[in-house]
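Open the model in your viewer and keep the selection panel at hand. This tour goes from stop to stop, saying what to select and what is there.

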Amino acid sequence: MKAIWKGGISFGLINIPVRLFSGSVTHRIDLDMIRKKDHCAIEFVRVCKKDGKEVPWEDIAKGYKKENGDYIVLDQSDFAKAMPEKTQTIDVFEFVMEEEIPAQYLEKPYIVEPAKEAKKTYVLLREALKKSGKVGLAKFVLRNTEHLGILKIEDNAILLIQIRFNQDLRNPSEAKIPDDVKISKKELDMAINIIDQLTDKFEPEKYKDTYKDELLKIIRKKTKEKGKPAKKETETETKPKAKKEAADDLLEQLKASLEAIKN
């Protein structure tokens with residue numbers, strides 16, 4: 001693993017030098033963008049909107065656009081000046097019970113590794129969090145952006161879980177959530193029955209991302225079929241189904257679901 005951040009955890013008067021590693025990996029198939037007709041690869045270049053010329057990375061800066069269209073240029077020193085005391089610190093400012101944090105706030109995990117000279121203070125914080133049953137609420141700066149996070153224990157390691165600020169969350173009331181639909185007791189009982197039948201212990205290692213595997217199968221199949229004449233797809237006529245009452249249809253779906261689970 002490659003460290004993506006170096007700094008320290010600060011709580012009270014204690015500072016623990018640590019390194020952060022991404023706590024998750026992305027399994028994706030690398031696909032190139034190509035032109036359909038001749039499979040020519042597409043290349044993205046950074047060009048100036050005024051003269052159309054390509055701009056090398058060393059000549060690129062970040063700028064804040066003013067109302068008159070001009071830009072205020074910002075460099076790394078400007079970002080550091082904004083929060084100099086936080087750029088290299090995971091600043092724990094409060095401890096809370098983990099169950100008090102709603103699931104929609106959780107965003108991204110990081111693994112926290114102590115520096116060689118900080119093993120004892122790392123273990124001290126770990127054991128204190130274990131015994132208290134609490135998590136440390138902290139602020140930290142990563143890639144020029146301030147984040148909120150919690151320090152918690154998982155498999156004897158301290159994890160930093162990045163969480164969302166409240167202003168970053170949308171209110172569910174913005175969506176059209178039904179609150180005037182009546183559900184019969186029979187329907188509710190059957191739905192609970194399905195939940196009970198499908199209830200099991202959470203074992204994350206059982207769950208695999210099958211999308212990538214299926215896509216690879218398609219790629220392999222297309223590779224073998226390349227050069228062969230394409231088969232014409234035959235359209236199948238579908239007869240219109242007789243309309244049913246919504247309530248009857250829902251009950252039938254619930255019954256069918258239960259039968260499928262039992263079998």
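**Stop 1: the largest pocket.** Start with the largest pocket of this predicted model, which has a volume of about 300 Å³. Pockets come from a 1 Å grid over the protein atoms alone: a cavity is a set of points where a 1.4 Å probe fits but cannot get out, and a pocket is an open set with protein on both sides within 12 Å along at least five of seven lines. Grid points are joined across faces, edges and corners, and the volume is the space filled by probe spheres set on the points. Rolling a probe the size of a water molecule over the atoms shows where empty space is left.

Select Arg46, Val47, Cys48, Lys49, Lys50, Val55, Asp59, Ile60 and Tyr71. These residues line the largest pocket, lining meaning an atom within 4 Å of a point. Colour them by class: 5 are nonpolar, none polar and 4 charged. Here Ala, Val, Leu, Ile, Met, Phe, Trp, Tyr, Cys and Pro count as nonpolar, Asp, Glu, Lys and Arg as charged, and the others, Gly among them, as polar.

Two notes before moving on. Residues are numbered from 1 along each chain as its sequence is written, and side-chain values use heavy atoms, with hydrogens and water left out. Since the model is predicted, local features need pLDDT of at least 70 and side-chain atom pairs count only at pLDDT 80 or more, while totals for chains, interfaces and linings use all residues.

**Stop 2: the second largest pocket.** Next, go to the second largest pocket, with about 240 Å³ of space. Its lining has 14 residues. Select Phe79, Thr87, Val141, Arg143 and Asn144, which lie nearest its centre. Which elements give two or more residues to this lining? They are α1 (76-82), β7 (134-142) and β8 (145-154). Helices (H or I, at least four residues) and strands (E, at least two) are DSSP runs, numbered from the N terminus. Helix α1 gives the most, with 4 residues. By class, the lining of the second largest pocket has 7 nonpolar, 5 polar and 2 charged residues.

**Stop 3: the barrel.** Switch to cartoon view. A barrel is closed by 7 strands, in the order β1-β2-β6-β9-β8-β7-β5, with mixed pairing. Neighbouring strands of this sheet are turned by 40° against each other on average, direction ignored. The axes are lines fitted to C-alpha atoms, for helices over the stretch in contact, and angles run from 0 to 180 degrees between N-to-C directions. Two strands pair if DSSP finds at least two bridges between them.

**Stop 4: β5 to β7.** Select β5 (residues 89-97) together with β7; they pair in the antiparallel sense over 6 bridges. Glutamate 94 stands opposite leucine 137 in β7. Valine 92 faces alanine 138 of β7 as its opposite residue. Is β7 mostly covered or mostly open? It is mostly covered, with 7 of its 9 residues buried. Buried means under 20% relative accessible area, exposed over 50%, partly exposed in between (1.4 Å probe, protein chains only).

**Stop 5: β7 to β8.** Strands β7 and β8 run antiparallel, joined by 7 bridges. Pick phenylalanine 140 opposite histidine 147 in β8, then alanine 138 opposite glycine 149 in β8. The hairpin has 2 residues between the strands, and arginine 143 takes a positive phi near 55° there. In β8, 7 of the 10 residues are buried. Leucine 151 is in β8 and counts as buried because its relative accessibility is 1%.

**Stop 6: β8 to β9.** These strands also run antiparallel, over 7 bridges. Isoleucine 150 stands opposite isoleucine 161 in β9. Now zoom in on the loop between β8 and β9, where aspartate 155 lies. Aspartate 155 has a positive phi of about 50° although it is not a glycine. Aspartate 155 counts as exposed because its relative accessibility is 73%. Asparagine 156 is in this loop too, with a positive phi of about 70°, and it is not a glycine either. At 42% relative accessibility, asparagine 156 counts as partly exposed.

**Last stop: confidence.** Colour the chain by pLDDT, the predictor's confidence in each residue, from 0 to 100. The chain averages 85, and 90% of the residues score at least 70. Where is confidence lowest, and where highest? It is lowest in helix α5 (residues 246-262), at a mean of 73, and highest in strand β9 (residues 157-163), at 96.
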